[in-house]
Amino acid sequence: ALLYTIQKNLLYLAISNLDAAVFQVTYQAKILTTAVFSVILLGKKLSCRKIIGLLVLTLGVSLVQLDKVEENASKSFQEQKRWVGVLAVLGACCTSGFGGVYFELVLKPRQDIQLEGEAIPRPPPSVWAKNVQLSSFALVIALITAFVKDHAAILQNGFFQGYSPLVVLVITLEAGGGLVVAAVIKYADNILKSFATAVSIVTSTIVSMLVFGFLISKLFIGGSLLVFIAIYMYSMSDESAATAASSRPEQLPAQTSEIAMMAMNNEKRKSSGFSSGLSSTSEDVELEDIELEMEDKD
């Protein structure tokens with residue numbers, strides 16, 4: 001809960017000190033930090049193809065997000081400190097990756113309960129209970145942060161100032177999205193969640209084109225192609241290896257293996273004959289005749 005609260009505040013700090021384009025690109029590093037913490041905390045093994053797929057996904061999402069940045073989005077009326085913004089967004093990426101992977105570790109316990117010398121599988125935690133716990137702790141931390149930073153405005157106009165039906169709708173959607181994310185983490189993992197998020201960005205932009213007349217540029221098309229290429233690379237890496245292994249014949253046909261064994265014995269007999277000065281010409285001729293007869297049958 002503390003990590004998520006710190007992440008939100010770091011994002012506010014980053015947005016205040018970075019251009020929109022720079023922020024959108026650098027914040028996609030959370031995909032890579034999630035993969036790194038999955039390897040460290042969960043012991044996941046990522047093949048070279050999966051690592052390349054994650055890098056391609058990061059590039060693709062960055063291009064798609066850049067396409068959605070408006071021209072006047074980078075104009076700011078306050079002084080911006082770029083390095084503060086970059087450090088803040090990198091910190092947000094680390095807290096996002098670590099918090100998500102640690103939450104996955106909590107939802108997927110890897111140690112059994114030892115009872116009287118017997119290992120009993122630990123029951124899976126409740127997603128609802130964990131979300132209530134997280135929100136309770138986060139609420140306390142966020143309230144303290146709000147009163148420390150904006151106590152004057154809260155005392156003057158109240159805590160719920162500016163709450164409109166649209167704001168309540170956004171809060172409801174965020175809460176529902178949090179439950180869905182928790183279910184995804186429990187039944188899949190954080191890396192797959194990153195891929196799902198990338199697909200949602202692409203699909204939401206396509207819906208915006210159909211409903212609101214949003215114009216799609218070449219930058220968006222290129223980024224979308226990279227996203228789908230990354231999905232293919234990440235999902236097909238293990239399956240392709242398994243398919244190639246399963247397509248290999250388990251054993252040679254009986255007649256072919258017999259011919260091969262006869263040829264090997266023939267070579268052994270020849271070598272032993274040369275070394276000992278003995279000849280086995282008649283046996284060799286018989287073996288060659290048998291091989292020819294079996295080839296004719298085939």
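Residues are numbered from 1 along each chain as its sequence is written, and side-chain values use heavy atoms, with hydrogens and water left out. In this predicted model, local features need pLDDT of at least 70 and side-chain atom pairs count only at pLDDT 80 or more, while totals for chains, interfaces and linings use all residues.

User: How many helices and strands does the protein chain have?

Analyst: The protein chain has 11 helices and 2 strands. These are DSSP runs numbered from the N terminus: helices are H or I with at least four residues, strands E with at least two. From the N terminus, the order is α-α-α-α-α-β-β-α-α-α-α-α-α.

User: What makes α3 and α4 roughly antiparallel?

Analyst: Helix α3 (residues 30-42) and α4 pack at an angle of about 155°, with axes 9 Å apart. Axes are lines fitted to C-alpha atoms, for helices over the stretch in contact, and angles run from 0 to 180 degrees between N-to-C directions. Angles under 35 degrees count as roughly parallel, over 145 as roughly antiparallel, 65 to 115 as roughly perpendicular and the rest as oblique. Therefore α3 and α4 are roughly antiparallel.

User: Which residues of α3 and α4 meet?

Analyst: Ile 31, Leu 32 and Ala 35 in α3 meet Leu 54, Leu 55, Leu 57, Thr 58 and Val 61 in α4. Contact means heavy atoms within 4.5 Å. The residues of this contact divide into 7 nonpolar, 1 polar and no charged.

User: Why is α4 called roughly parallel to α8?

Analyst: The axes of α4 (residues 48-67) and α8 (residues 190-212) cross at roughly 30° and come within 10 Å. That angle makes α4 roughly parallel to α8. The α4 residues Leu 54, Leu 57, Val 61, Val 64 and Gln 65 meet Ile 191, Ser 194, Phe 195, Ala 198, Ile 201 and Val 202 in α8.

User: Why does Cys 48 count as exposed?

Analyst: Buried means under 20% relative accessible area, exposed over 50%, partly exposed in between (1.4 Å probe, protein chains only). Cys 48 has 63% relative accessibility, so Cys 48 counts as exposed. Cys 94, at 38%, therefore counts as partly exposed. Of the 298 residues of the protein chain, 25% count as buried.

User: How do you know that Cys 94 is in no disulfide?

Analyst: A search of the whole structure finds 0 disulfides. For Cys 94, the nearest cysteine sulfur, that of Cys 93, is 6.8 Å away. A disulfide is a pair of cysteine sulfur atoms within 2.5 Å.

Methods
Ala, Val, Leu, Ile, Met, Phe, Trp, Tyr, Cys and Pro count as nonpolar, Asp, Glu, Lys and Arg as charged, and the others, Gly among them, as polar.
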